[in-house]
Structure formats: structure tokens, C-alpha cells
Amino acid sequence: IIDEIEVNAACPNHRDEKDGRLHDVLAKDPVALEWLMIEGVDCPCPKAIKIAPNTTFECLEEIVRLSIRYGYTTIVSGNTVLSDTPIDANEYPRISVPKCGMGGAPLLDGAVAQVSTLYRIIDNWITDPPGVTLTAIACGGVMSADGARKHLNGGADVVQVATYFAEYGIRGIQDLVAGLA
């Protein structure tokens, strides 16, 4: 039984085979996002959409509007950045597989800014209808308790941890949780 659906509009696998760039149609085009989101409209379970980092304010507003319109309950803010993003790989050595971009510490500041903006937009949009709730999950750059705390201080209710878990396993997550206590 499926009890939740996530539409991943920012998956590192959704790349143009020619140059490895994230398909704009999946990442930042509200019309394409609407086509994706409408597919799950009749599904009776909670629905989430995962969006790309560095999304424009206008597109974030549209994502919030579409989420409310189609009954999505969660927006996962961020994923890997594109491999051609100008981040010094010597300073931040965590790089994902080729054509999939970069994860980990280099994402933190931009991810915190995006989820904070997203929460401001949600707060402005969620006035009607009564009972509508929309949550954003902060995602990106959490490599320590301080990183998670930055997301929480930026307004996030929930923080997703992926790269840190991939690199340090369950012991790393236990340390991260202990650091937040």
C-alpha cells in the first residue's frame, strides 16, 4: 500500500544526456511542474514535490500555489546543485557522481535561504481555504548539527539529511541528533 507519493522535479537523474544539465522543464518551469503534479491529484494519500535548489522567487510562489491547488502537503526544498555550479571543489571536496552535481556542505547557505523564502511565501499564501497546511522540508548541506540548526533557525520544521548519512552512516546521524539535543 502506498501511503505517500513524492514527485521529484529535481532528481539528479533527470539530466540532459548531451550536457548533463538538469532539465529546465523538470526543475524550474511551473507549467511542466503543474503537468507533473496533476498526475497525482486523484491519489488519496499525502503528496510531496521535491524542487531544485536556486529556484527563483516567482517559481517558488507558483510551486506553493500549485501545491495548494493540487492537494500537495509537502515541498522538499533542494537537492544536488548542478555540476557546473561555481563552487570551489578543493574547498568542498564532496562531489556526487558525474553529471549529477554536488551535495553536502557547499549547499548549506543557499538551501537555508531558499527554505526560508519558501516559508515566507507559504505564510503569505496559506490563509484560505481553512484547514490547508503545507510544510517545507529543508534539504541541502547538513553535514553537522550546526547545519541542521541553521535550517531550523531559518524556519524549517523538518530537515532532510542525505549526504551526511551516506558518508557517515547511522553513527553520524546519532552524533548529529546528539548535537542538536
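Some ground rules. Because the model is predicted, local features need pLDDT of at least 70 and side-chain atom pairs count only at pLDDT 80 or more, while totals for chains, interfaces and linings use all residues. Residues are numbered from 1 along each chain as its sequence is written, and side-chain values use heavy atoms, with hydrogens and water left out.

Overview first. The protein chain has 6 helices and 5 strands. Helices here are DSSP runs of H or I with at least four residues, strands are runs of E with at least two, and both are numbered from the N terminus. In sequence order the pattern reads β-α-α-β-α-β-α-β-α-β-α. The chain has 181 residues, and 43% of them count as buried. Buried means under 20% relative accessible area, exposed means over 50%, and partly exposed lies in between, with a 1.4 Å probe and protein chains only. Now contacts, meaning heavy atoms within 4.5 Å. Take those between residues at least 6 apart in sequence: 66% join residues at least 24 apart.

Next, the strands. Start with β2, residues 47–51. Of its 5 residues, 5 are buried.

What does β2 pair with? Its partner is β3, in the parallel sense, over 4 bridges. Pairing requires at least two DSSP bridges between the strands. Ala-48 has Thr-74 as its bridge partner in β3. Ile-49 has Ile-75. Between the two strands, the chain passes through helix α3, residues 57–69, and this β-α-β crossover is right-handed. By that I mean the following: with the strands pointing away from the viewer, the path from the first strand over the helix to the second runs clockwise.

Stay with β3, residues 74–77. Both of its faces are covered as well: Thr-74 and Val-76 are buried on one side, Ile-75 and Ser-77 on the other. β3 also pairs with β4, residues 135–139, again parallel and over 4 bridges. There, Ser-77 stands opposite Ala-138.

On to helix packing. α3 packs against α2, residues 30–38, at an angle of about 20 degrees, with the axes 10 Å apart. Axes are lines fitted to C-alpha atoms, for helices over the stretch in contact, and angles run from 0 to 180 degrees between N-to-C directions. The pair is therefore roughly parallel. The cut-offs: under 35 degrees is roughly parallel, over 145 roughly antiparallel, 65 to 115 roughly perpendicular, and the rest oblique. The α2–α3 crossing is right-handed. A crossing gets that label if the near helix is turned clockwise from the far one by less than a right angle, and is left-handed if anticlockwise. On the α2 side, Pro-30, Leu-33, Glu-34 and Met-37 make the contact. On the α3 side, the residues include Cys-59, Glu-62 and Ile-63.

How do α3 and α4 cross? Their axes come within 10 Å, at roughly 50 degrees, with α4 spanning residues 108–125. That makes α3 oblique to α4. This crossing, too, is right-handed. From α3 come Phe-57, Leu-60, Glu-61, Val-64, Arg-65 and Ile-68. They meet α4 residues including Leu-118, Ile-121 and Trp-125.

Now three single residues. Val-64 is in α3. Is Val-64 buried or exposed? Val-64 is buried, with a relative accessible area of 0%. Beyond residues up to four places away in sequence, Val-64 touches Ile-75, Leu-118, Ile-121, Ile-122, Trp-125 and Leu-134. Val-64 and Ala-136 are 72 residues apart in sequence, and their C-alpha atoms are 9.9 Å apart.

Val-142 lies in the loop between β4 and α5. At 5% relative accessibility, Val-142 counts as buried. Outside four places in sequence, its contacts include Gly-147, His-151, Tyr-164 and Leu-176. Ala-105 is 37 residues from Val-142 in sequence and 6.5 Å away, C-alpha to C-alpha.

Last, Asp-175, in helix α6, residues 163–180. Asp-175 is partly exposed, at 38% relative accessibility.
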